[in-house]
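Trainee: I would like to learn how to read a model like this one, feature by feature. Could we take a look at it together?

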Amino acid sequence: MNRSRSQALFRRAQELMPGGVNSPARAFGGVGGEPIVFERAQGAYLFDVDGNRYIDYIGSWGPMILGHQHPKVVAAVHAAVDKAFSFGAPTPGENELAELIIEAVPSIEMVRLVNSGTEATMSAIRLARGFTGRDAIVKFAGNYHGHVDSLLVAAGSSAATLGVPNSPGVTKGMAQDTIICEYNDVAELEQTFAEFGPRIAGVIFEPVVGNMGTVVPSAEFLRALRELTRKHGALLICDEVMTGFRVAYGGAQARLGIDPDITTLGKIVGGGMPIGAYGGRRDIMRHVLPAGKVFQAGTLSGNPLATAAGIATLKELRDNPPYDRLEQLGAHLEAGLAAAATKAGVSHSISRVGSMLTLFFNSQPPSGWKSASQSDTAAYARCFWAMLERGIYLPCSQYEALFVSAAHTDADIDQTVCAAEAALAGMNG
Ligand code: KE4
């Protein structure tokens, strides 16, 4: 593939922005080489600045569940932009998006809109501390919740990929109230509460992990999370920034029967526009300023263009739910990739929940960071590039989830599986 214009643009970008990117997750740190510069997207496809077409399995890291340029979302944003870009004052769209979220997510009685998933988790942590009057927060290795100082400790996603789980700039003071546990390790969580229970303000977790690759929680782990937090008076914070409206319309909590105290959202609720949200029990949310004393604010929170895209996206998901179709497409892709890897004699496993999945170069599906981090990231990188050369755009890291959208077709999946057969066969060659 000719990518000369992309390469020239990226070289210039490296002089202008750190690493030439505005987020490390897209820097190809986990697979080597230079990122592709894209110009436009349509449905399941991306088009780079050299005119090459790719089947897109990132979907902007999750938001584009309907596919790119869904006509109802485009029309909604056009209508909104003709009225205003931003007021810094209440708008009807904020009520409408809040109502859609509250109606969809079982545990949310009241919600606050913000501008990113990071803002949502940062605010949820502050709220848990403000509500309980406690300091400590428990998180899980390989879970990523955005670049919140106190959560950039053994983080997943790009931090893990770039091997900087404890980021420079995170002071001891910020990290000292963060306790790291192993995902799915019930005994360790019990021990943590036995030791620190009265200090713990909250536990934040990914209900289906996407940020160390896709990792599924055990029923025992989910039960322990709820029982231990309730017993010790800590809040359970379910980070559904990635899984919200992805694995079910009500999120992973609806699919897996989780009853959290606070839920964080992002990505899909903005339909590709900058947005985040956190919400939960009314008696907890009432502590957020100006109703309560826990400070949180934002110039562009509830921005009318972002709420227009989010409303159109959630209405489409509610009124024409694609989840059965996404399950079929996800299962089709999983079976095809597994058959291709087995035929090539490549040691692998696949973890999947609905339309989010990961092909691990690891003989067993990981249950936590200890096992996920044993994956053969060099093999993943070789597969990534072999697929890219065949027009398939996979996540640029073993420690990310792949997403199928409602715009993908069976023919796209077949083309992907065919590319995987060739790519994986070549890996043992
Ligand atoms: P943002 O601040 O990137 O909107 O959301 C942070 C966040 C919070 N919680 C979960 C479970 C998340 O997955 C994320 C962000 N996900 C990464 C991809 N795994 C975003 C990609 C990037 O950082 O560029």
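Trainee: Which residue is the bridge partner of Gln42 in β2?

Mentor: Before anything else, keep in mind that this is a predicted model. As a general idea, strands of a sheet pair through backbone hydrogen bonds, either parallel or antiparallel. In this case the bridge partner of Gln42 is Tyr45 in β2, and Ala41 stands opposite Leu46 of that strand. Strand β2, residues 45–48, pairs with β1 in the antiparallel sense, over four bridges.

Trainee: How many residues lie between β1 and β2 in the hairpin?

Mentor: Two residues lie between the strands of this hairpin, and in the turn Gly43 has a positive phi of about 60 degrees. A positive phi also occurs at Ser60, about 65 degrees, although Ser60 is not a glycine; its place is in the loop between β3 (53–56) and α2 (71–81).

Trainee: What is the order of the strands in the open sheet of four strands?

Mentor: The order is β1-β2-β3-β13, and the pairing in this open sheet is mixed. The edges are taken by β1 (38–42) and β13 (392–393), each of which has a single partner strand, so that one side of each is left without a neighbour in the sheet.

Trainee: And what is the order in the open sheet of three strands?

Mentor: That sheet has the order β11-β12-β14, with antiparallel pairing. Its edge strands are β11 (349–353) and β14 (402–403), each pairing on one side only. Between β11 and strand β12, residues 356–360, there are five bridges, and Ile350 of this pairing stands opposite Leu359 in β12.

Trainee: How many aromatic pairs are there, and why is the pair of Phe38 and Tyr393 classed as it is?

Mentor: The idea is to look at the distance between ring centres and then at the angle between the planes, where over 60 degrees counts as edge-to-face. The count comes to twelve aromatic pairs. For Phe38 and Tyr393 the ring centres are 5.0 Å apart and the planes stand at 75 degrees, so this pair is edge-to-face. The pair links distant parts of the chain, since Phe38 is in strand β1 and Tyr393 is in strand β13, 355 residues apart.

Trainee: Which peptide bond is cis?

Mentor: Look at omega along the backbone: the bond from Leu289 to Pro290 is cis, with omega near 5 degrees. Pro290 belongs to the loop between α10 (282–285) and α11 (304–319).

Trainee: Let us turn to the ligand. Which residues come nearest to the ligand?

Mentor: There are 17 residues around the ligand, of which Ser23, Thr118, Asn211, Asp239 and Glu400 come nearest. By class, this shell has five nonpolar, eight polar and four charged residues.

Trainee: What is the distance from an oxygen atom of the ligand to an N or O atom in the side chain of Ser23?

Mentor: That distance is 2.6 Å. On the nitrogen side, a ligand atom is 3.1 Å from an N or O atom in the side chain of Lys267, and a nitrogen atom of the ligand is 3.5 Å from a polar backbone atom of Tyr144. Taken alone, the ligand exposes 540 Å², of which the protein buries 88%.

Methods:
Residues are numbered from 1 along each chain as its sequence is written. This is a predicted model: local features need pLDDT of at least 70, side-chain atom pairs count only at pLDDT 80 or more; totals for chains, interfaces and linings use all residues. Side-chain values use heavy atoms; hydrogens and water are left out. A residue is near a molecule or strand if one of its heavy atoms lies within 4 Å of it. A polar contact is a pair of N or O atoms within 3.5 Å; within protein, one must be able to donate a hydrogen and the other to accept it, and residues adjacent in sequence count only if both atoms are side-chain atoms. Accessible areas come from the Shrake-Rupley method with a 1.4 Å probe; for residues, only the protein chains shown count as cover. Ala, Val, Leu, Ile, Met, Phe, Trp, Tyr, Cys and Pro count as nonpolar, Asp, Glu, Lys and Arg as charged, and the others, Gly among them, as polar. Two strands pair if DSSP finds at least two bridges between them. Rings of Phe, Tyr and Trp (its six-membered ring) pair if their centres lie within 6.5 Å; planes under 30 degrees apart count as stacked, over 60 as edge-to-face and the rest as tilted.
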